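Reader: Hey, can we go through this one together? I'd like to ask things as they come up.
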Amino acid sequence: MPVDIAELESTIRSAFSVTHLEIEDQSSGCGENYLVLIVSEDFKGKTTLARHRLVNEALKIHIAEMHAFSQKSYTPEQYDALCAKST
Amino acid sequence: MFGSFLRSSTSVLRTATTAPTRTVLGRLPISSHYRFLSTEARAQIDKAVKSTPLVLFMKGTPDQPQCGFSRAVVNILDVYQVPPEKIKTYDVLVDAELRSGIKEYSEWPTIPQVYVNGEFVGGCDIVLGMHQSGELETLLETSNIIPTVPEPDAPATPQPAS
């Protein structure tokens, strides 16, 4: 079952206070394989596992309808540091 | 009901002897997140999760992974040369019951899943991240799964408190 990218975005935005968001459809259009990058203050003080669990929980219904789902979750500080490093 | 998974696909990395399972991308009907996991099923999974210090639930076998994410985790674990007696892999494609049960057990929606000493570590994204940061090596060392290697010039970078 395909998942709509706009629907995915609105779910993420309503669940987290997002400062930066990237959603990439890696399925060449069939809507079954997504990579999301979420930057949010909500991840502060949480381990990677805890962050992923939060995202999984928020997107539970959508993930169940996909074939593959991959995520990266950063705090704004981490994301800035990451961007600084890669430039 | 868990007979098939307990008997089969207990192969270990590098020395897998299980015949590859032929599946068409393993697209079985998606199980409901809300399905009730029976006490008996939970106990069976609990036993599997704690069967060896390192346990991997994957699609396919280490020699014949049936999914890119599972293959990635197998390749990462390969790097650390985990002794065969310390690791066990379960192919969820040969047991639909296990495939849905393990997701409920860990409350984690995807396969592969890695467990160290009975504790859920994460899926592909997390394991890859831990591999890159050095956390995975540290975890495997402190869990006595692989011997500690002294690295005089490159000490393990401590993770920022996150």
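Reader: Okay, is Arg13(A) buried, partly exposed or exposed?

Author: Arg13(A) is partly exposed, because its relative accessible area is 42%. For the terms, buried means under 20% relative accessible area, exposed means over 50%, and partly exposed is in between (1.4 Å probe, protein chains only). Before we go on: this is a predicted model, where local features need pLDDT of at least 70 and side-chain atom pairs count only at pLDDT 80 or more, while totals for chains, interfaces and linings use all residues. Residues are numbered from 1 along each chain as its sequence is written, chains are lettered from A and ligands numbered from 1 in the order in which they are written, and side-chain values use heavy atoms, leaving out hydrogens and water.

Reader: Got it. Which residue does Arg13(A) form a salt bridge with?

Author: With Glu9(A), and their closest N and O atoms are 2.9 Å apart. A salt bridge here is a side-chain nitrogen of Lys or Arg within 4 Å of a carboxyl oxygen of Asp or Glu. Glu9(A) counts as partly exposed, at 32% relative accessibility.

Reader: And where do Arg13(A) and Glu9(A) sit in chain A?

Author: In helix H1, residues 5-15 of chain A; the two are four residues apart there, so about one helical turn separates them. Helices (H or I, at least four residues) and strands (E, at least two) are DSSP runs, numbered from the N terminus.

Reader: How many salt bridges does the structure hold over all chains?

Author: Five. Among them, Glu57(A) pairs with Lys60(A), with the closest N and O atoms 3.4 Å apart. In chain B, Asp46(B) pairs with Lys50(B) at 3.2 Å between the closest N and O atoms. Asp46(B) is partly exposed, with a relative accessible area of 27%. There's also a network: salt bridges that share partners join Glu41(A), Lys44(A) and Glu77(A).

Reader: What about between the two chains, how many salt bridges there?

Author: Zero between chain A and chain B. What you do get is four residue pairs in polar contact, both residues being at pLDDT 80 or more. A polar contact is a pair of N or O atoms within 3.5 Å; within protein, one must be able to donate a hydrogen and the other to accept it, and residues adjacent in sequence count only if both atoms are side-chain atoms.

Reader: Which part of chain A gives the most to the side that touches chain B?

Author: That's H2(A), with six residues. The elements giving two or more residues to that side are helix H2 (48-58), helix H3 (60-63) and strand E3 (68-74) of chain A. The residues of that side split into five nonpolar, nine polar and six charged. For those classes, Ala, Val, Leu, Ile, Met, Phe, Trp, Tyr, Cys and Pro are nonpolar, Asp, Glu, Lys and Arg are charged, and the others, Gly among them, are polar.

Reader: How many residues are in contact across chain A and chain B? And what area is buried?

Author: 20 residues of chain A are in contact with 18 residues of chain B, where contact means heavy atoms within 4.5 Å. The area buried between the chains is about 1600 Å², and carbon and sulfur atoms give 60% of it. In chain A, Leu49(A), Arg53(A) and His67(A) lose the most area to chain B, together 30% of what that side buries. Buried area is the accessible area (1.4 Å probe) that two parts lose on being put together, summed over both.

Reader: New topic. Where does Ser27(A) lie?

Author: In the loop between strand E1 (18-25) and strand E2 (33-40) of chain A. Ser27(A) is buried, with a relative accessible area of 11%. Its side chain makes a polar contact with the side chain of Asp25(A), at 2.5 Å. Leaving aside neighbours within four places in sequence, Ser27(A) is in contact with Glu32(A) and Asn33(A).

Reader: Last one: how many helices and strands does chain B have?

Author: Six helices and four strands, in the pattern α-α-β-α-β-α-β-β-α-α along the sequence. Of its 162 residues, 44% count as buried.
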